[in-house]
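Colleague: Could you take a close look at one helix for me, and then at the pockets? I would like to know what surrounds each part.

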Amino acid sequence: MNGSILQVKNLKAYFYTSGGIVKAVDDVSFDVRKGETFGLVGESGSGKTMLALSILKIVPQSGRIIGGKILYNGKDLLKIEEDSLRNIRGAKIAIVFQEPASALNPVFTIGDQIMESVLTHQRLKDRHSIEKLALEYLDKVHAPNPKKIFYDYPHQLSGGMKQRVMIAMALVNSPEFLILDEPTTALDVTIQAQILDLLDEIIEEEKLSVLFISHDFGIIGRMCDRVAVMYKGRIVELGETDQILHSPKEPYTMSLLESVKALS
């Protein structure tokens with residue numbers, strides 16, 4: 001692994017509400033190396049998803065990025081014009097959201113939604129080639145019957161199959177950096193294991209750099225090379241995954257690990 005593909009420096013992203021300012025991401029710094037799977041772990045509400053949305057500059061309307069840098073291959077994404085950012089977002093940096101049922105449009109077929117992703121970035125133009133590519137990526141995520149699923153609507157698919165579709169949509173433009181935001185949330189243990197096996201296979205095959213977000217230290221331990229522990233908008237501990245798992249220094253990290261042991 002050589003160099004960093006992503007560097008987050010002193011990032012601040014706040015929500016401005018009627019009750020005051022919520023510091024969702026508060027002076028956060030870390031880097032993701034090329035070819036690395038970097039974990040971000042913390043309980044719900046710690047700021048993990050807001051950080052992911054900030055990287056892509058798609059924060060909710062009530063949120064605002066107020067400071068810091070997000071360097072992708074040395075280029076500060078916070079200083080890039082929206083038109084130029086569209087050539088990176090979804091094409092070079094892709095995201096798999098934690099709720100596929102919400103992320104997929106209920107009134108369009110799976111095939112139409114995957115093809116739209118290709119058309120947005122003008123990777124291909126003729127329908128036959130785009131459809132062939134969409135089917136190829138449905139097969140890549142081990143959809144059991146790609147031609148059928150291509151014409152299905154989201155409500156016709158199981159939770160695990162929806163997540164496979166989301167992974168296919170994220171990969172179809174051949175990104176080099178992938179953000180996985182709680183990709184196994186709400187899946188039962190068996191399906192969760194299948195999705196993690198699939199991600200292992202795809203990350204290796206596509207040679208991806210990955211930001212893997214989770215509240216589950218068990219999953220982080222399996223998937224990630226390094227990990228940052230997030231609490232109340234800040235990173236409280238960062239290091240090699242084995243070191244964090246076996247010799248944590250921060251009380252919050254220790255309590256997270258204890259909660260995993262209590263559930264096992």
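Modeller: Happy to! The expected span of a helix is 1.5 Å times one less than its number of residues. Keep in mind that this is a predicted model. Helix α5 covers residues 127-140, which makes 14 residues. From its first C-alpha to its last, α5 reaches 20 Å, close to the 20 Å expected at 1.5 Å a residue.

Now for its surroundings. The buried residues of α5 are Ile130, Leu133, Ala134, Leu135, Tyr137, Leu138 and Lys140. Their cover includes four other helices: α4 (110-120), α6 (146-151), α7 (159-171) and α8 (189-206). After α5 comes His142, with a positive phi near 65 degrees.

Two of those covering helices, α4 and α7, turn up again at the largest pocket. This pocket has a volume of about 560 Å³. Its lining has 20 residues, and the closest to the centre are Gly90, Phe97, Ser117, His121 and Met169. The elements that give two or more residues to this lining are β6 (93-96), α4 and α7, and α4 gives the most, with four. By class, the lining of the largest pocket holds eleven nonpolar, six polar and three charged residues.

The second largest pocket holds about 240 Å³ of space. Among its 19 lining residues, Ser44, Gly45, Ser46, Gly47 and Lys48 are the closest to its centre. Both β2 (20-33) and α1 (48-55) supply at least two residues of that lining, with α1 giving the most, four residues. Here the lining divides into five nonpolar, nine polar and five charged residues.

Terms used:
Residues numbered from 1 in each chain as written. Predicted model: local features only at pLDDT ≥ 70, side-chain atom pairs only at ≥ 80, totals over all residues. Heavy atoms only, no water. Buried < 20%, exposed > 50% of the residue type's maximum accessible area, 1.4 Å probe, protein only. Contact = heavy atoms within 4.5 Å. 1 Å grid on protein atoms, 1.4 Å probe; cavity = no way out; pocket = protein on both sides within 12 Å on 5 of 7 lines; lining within 4 Å. Points joined across faces, edges and corners; volume = space filled by probe spheres on them. Nonpolar A, V, L, I, M, F, W, Y, C, P; charged D, E, K, R; others polar.
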